[in-house]
Amino acid sequence: QLQLVESGGGLVQPGGSLRLSCAASGFSLDLYAVGWFRQAPGKEREAVSCSSDGGSYYADSVKGRFTISRDNAKNTVYLQMNSLKPEDTAVYYCAADLTQFRLCVIYNWDYWGQGTQVTVSS
């Protein structure tokens, strides 16, 4: 069975950090482009960060604060989030696509996780 499962979300204060994990089963993530997306209340889903053979992409709103990485031995992709702001509050989703190069847009990913809630509040 092919699936992605996110974890690591929670409640943090502004300026805090979280590391989100996205574990893949049924396929090897090292063959896929991966991405992180988020959806805040009342807003459209937006791209946060993506990684493929074409390189890494970060949204301007998170550049310098977030880092995408992989652990192929664990078949897991991570999103390290530092200096969190209330505006980062959203449900975060990971996605994977079997392609060598992938634009970091919300459309046409092969697999999506169920999402994990991140709340940044004092």
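Analyst: Here is a walk through the charged pairs, then the disulfides, the core and a few spots in the loops.

A quick note before we start: this is a predicted model, where local features need pLDDT of at least 70, side-chain atom pairs count only at pLDDT 80 or more, and totals for chains, interfaces and linings use all residues. Residues are numbered from 1 along each chain as its sequence is written, and side-chain values use heavy atoms, with hydrogens and water left out.

Let's begin with the charges. Searching the whole structure turns up five salt bridges, a salt bridge being a side-chain nitrogen of Lys or Arg within 4 Å of a carboxyl oxygen of Asp or Glu. One partner is Glu46, with the closest N and O atoms 2.8 Å apart. Another is Asp88, where the closest N and O atoms are 3.0 Å apart. Strands here (E, at least two residues) and helices (H or I, at least four) are DSSP runs, numbered from the N terminus.

How buried or exposed are these partners? Arg38 counts as buried because its relative accessibility is 5%, and Asp88 is buried too, with a relative accessible area of 2%. Glu46, at 35% relative accessibility, counts as partly exposed. For the cut-offs, buried means under 20% relative accessible area, exposed means over 50%, and partly exposed is in between (1.4 Å probe, protein chains only).

Now the cysteines. There are two disulfides in the structure, a disulfide being a pair of cysteine sulfur atoms within 2.5 Å. Cys22 and Cys94 make one of them, with sulfur atoms 1.9 Å apart. This pair joins distant parts of the chain: Cys22 sits in strand 3 (residues 18-25) and Cys94 in strand 9, 72 residues apart. The torsion about the S-S bond of Cys22 and Cys94 is about 65°, so this disulfide is right-handed. Cys22 and Cys94 are both buried.

Cys50 and Cys104 also form a disulfide, with sulfur atoms 2.0 Å apart. Here the link runs from Cys50 in strand 5 (residues 46-52) to Cys104 in the loop between strand 9 and strand 10 (111-112), 54 residues apart. With a torsion of about 70° about the S-S bond, the disulfide of Cys50 and Cys104 is right-handed. Both Cys50 and Cys104 are buried. Counting bonded cysteines along the chain, the disulfide pattern is 1-3, 2-4.

On to the packing. A nonpolar core is a set of buried Ala, Val, Leu, Ile, Met, Phe, Trp, Tyr and Cys residues joined through side-chain atoms within 4.5 Å. The largest nonpolar core has 28 residues, and Leu4, Leu29, Trp36, Phe66, Leu79, Met81 and Tyr92 touch the most other members. Strand 3, strand 4, strand 7 (66-71), strand 8, strand 9 and strand 11 (116-120) each supply at least two residues of this core. Apart from this core lies another, of seven residues, among them Phe37, Ala47, Cys50 and Cys104.

Leu79 shows the packing well. Neighbours within four places in sequence aside, Leu79 is in contact (heavy atoms within 4.5 Å) with residues including Leu18, Leu20, Trp36, Val48, Phe66, Ile68 and Tyr92.

Last, the loops. Most residues other than glycine have a negative phi. Asn75, in the loop between strand 7 and strand 8, has a positive phi near 55°, and at 18% relative accessibility Asn75 counts as buried. Asn108 has a positive phi as well, near 70°. Asn108 lies in the loop between strand 9 and strand 10 and counts as exposed at 68% relative accessibility. Tyr107 is also in the loop between strand 9 and strand 10, and it is exposed, with a relative accessible area of 57%.
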